[in-house]
Amino acid sequence: MPCVFHRNLEISGAYAWMYLDQPTLFKWCGMASFASYHARQLLLPFRLKTNAAGELVPPAVPLHEQHPARRWVGVALRDIEIIRQVNNAIFRDILWAHIAYRGTAEGLARLRTLLVTDRDRAMLRGFELIERGRQKMASRPDLAKRLIWAGNLRLLWHEQSLIVQPRFDRLSCRFAQFMSLGSSLSFEPDNMRQRVSYSASFYLRMLLCHPDILLRTQSLPRITNLEHRWAWASTRVVENFRRLEGAGSGRLVQERLMRILSAAE
């Protein structure tokens, strides 16, 4: 019997494993591991208990009937189910391509035979840029880093525009408001010890740094708005991850991802 909460840990661990295998190339996997790991907080209502034999046991009463405010809880659980679908869809869509590529020219050639639709174009272009960067690491390291990050940003755009957005469009208005206020990605897997310098608050970032976007869209910060979310993710989230990678010659980010990987085992 699958447990949504534990599957999330396994997905987070798989991303961490892929980044640790190729930390120079697979930046998207590192960021995705943290994002998936923090998303588990929303999935907590779906966590199954175990019996004395260690077997997963389904709840005797459906979750939406366990709370006195049944109607509200039912709506919230439907929204959380969409978050679960987002988490799984991203995993199915992108991780296999990292495994197929694995940082080799032969892997990229393999991807070119597999990513053939218009929908796959941004993902394939991302891996092509990463491979161009990999080939220039010895001769032009600064250019190589720029190309690798440009490729990873293509993967991030593919994820946010083609996988996340259609599902976020189905979230209820109330839940979207809740997520907008509460969305904050910290590159610390242990929330009790978050460091402010590596935390990225969506709502605050949009108000302080992107008022032009809010004026143009005539909206308060909205995590379900692709333009809002991209402005936050492609700047603050990426900036924080890059700073964390640079701290201690990469030791800090690798230590944190090892903790996520260990939690999934």
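Buried means under 20% relative accessible area, exposed means over 50%, and partly exposed is in between (1.4 Å probe, protein chains only). This is a predicted model, in which local features need pLDDT of at least 70 and side-chain atom pairs count only at pLDDT 80 or more, while totals for chains, interfaces and linings use all residues. Residues are numbered from 1 along each chain as its sequence is written, and side-chain values use heavy atoms, with hydrogens and water left out.

View A. The side chains of Arg 125 and Glu 128 meet in a salt bridge at 3.9 Å, N to O; the term stands for a side-chain nitrogen of Lys or Arg within 4 Å of a carboxyl oxygen of Asp or Glu. These two residues are three apart in helix 5 (residues 121-135), which means about one helical turn separates them. Helices (H or I, at least four residues) and strands (E, at least two) are DSSP runs, numbered from the N terminus. Arg 125 counts as partly exposed at 30% relative accessibility, whereas Glu 128 is buried at 18%.

View B. Arg 216 is exposed, with a relative accessible area of 52%, and Glu 227 is partly exposed at 33%.

View C. Asp 118 and Arg 121 meet through their side chains at 2.5 Å, N to O, and both residues are exposed. Asp 93, Arg 119 and Asp 120 are linked in a network of salt bridges. The whole structure holds 12 salt bridges.

**View D. The largest nonpolar core.** This core has 67 residues, of which Trp 28, Phe 34, Phe 127 and Trp 232 touch the most other members. Helix 3 supplies its largest share, 12 residues. A nonpolar core is a set of buried Ala, Val, Leu, Ile, Met, Phe, Trp, Tyr and Cys residues joined through side-chain atoms within 4.5 Å.
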